[in-house]
Amino acid sequence: MISKLSVFIIAFNEERIIEQCLKKLDWCDEIIVVDSGSTDATVAICEKYNAKVFYKKFEGYGEQKQFALDQTSNDWVLNLDADEELTDALINEIKTQLDKNEPEIVGFYIKMRMVFLGKIFNYGNESNRDSLRLFNKNHGKIDPVTIHESVILNGKTLKLKNHYLHYTCNSLGTYINKLNKYTGFYAENKFKKNKSYSLLEISLKVKLEFIKKYFFELNCLNGKAGFYWSYISSVYSGVKCIKTNEMYLLNK
């Protein structure tokens, strides 16, 4: 007998993309969305797809995800972001694995394919990374960190062959907004640890990040979008450091 599955998603002003995510979840037994106060049509779109919507003030990605996980009613859960979409091949593979219902397997790693400015990246670190997204919640929880949360799981896991799509952004403006948000979280964490960066360190980080992204991680094979991604990633690494130093200036 196939195991029932709950999907949990956190959201904030995601009307641009969340419907694309929800359209591929009609086969799931339950959809949980935790919203942190959207002012656009996000909540209405979620309700259109029969999602159970909860509100929680955003206090960090780990805490928000764990709250969403706590609202699920089934043992097997799938952790998705609002800007992610399951492929048909992955849906079929998940159904097959849940149908097997192997008690010794408590989680599955799934590969991501990044979509940046409309381009699916077949190369690069972001498109060759497996993350633990499908798991039995009786054996796991979300790491309570502010940013870059992950699943802490006890038990045997497997890797699925198929991937999901992560729509990083549809415009540079959207990405810059994300950059501002994430670099702020990074700076706060580093400032709390009394970390600061020299001008030489910042300069080297920016240059080396571009070389790593474009050449060593093979984003050069992703066309123009691969160059843009490598460049903006190097800028991101520099902004993180500068924002950290800025906090020392603002807190004198």
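**A note on the aromatic contacts**

1. The structure holds 16 aromatic pairs, and please keep in mind that this is a predicted model. Take phenylalanine 58 and tyrosine 61 to begin with: their ring centres lie 4.8 Å apart with the planes at 75 degrees, so this pair is edge-to-face. Phenylalanine 58 is partly exposed at 25% relative accessibility, whereas tyrosine 61, at 11%, is buried.

2. Phenylalanine 191 counts as partly exposed, at 23% relative accessibility, and tyrosine 248 counts as partly exposed at 27%.

3. Two lysines deserve a mention alongside the rings. Lysine 195 has its charged end over the ring of tyrosine 197, 4.9 Å from the ring centre. The charged end of lysine 240 sits over the ring of tyrosine 186, with 4.4 Å to the centre.

4. Finally, a point away from the aromatics. Where is asparagine 50 placed? You will find asparagine 50 in the loop between helix 2 (42-48) and strand 3 (52-55). With a relative accessible area of 68%, asparagine 50 is exposed, because the cut-off is over 50%. Its C-alpha atom is 9.5 Å from that of leucine 22, a residue 28 positions away along the chain.

Notes: Residues numbered from 1 in each chain as written. Predicted model: local features only at pLDDT ≥ 70, side-chain atom pairs only at ≥ 80, totals over all residues. Heavy atoms only, no water. Helix = DSSP H or I, 4+ residues; strand = E, 2+ residues; numbered from the N terminus. Buried < 20%, exposed > 50% of the residue type's maximum accessible area, 1.4 Å probe, protein only. Phe/Tyr/Trp six-rings, centres within 6.5 Å; stacked < 30°, edge-to-face > 60°. Lys NZ or Arg CZ within 6 Å of the ring centre and 35° of its normal.
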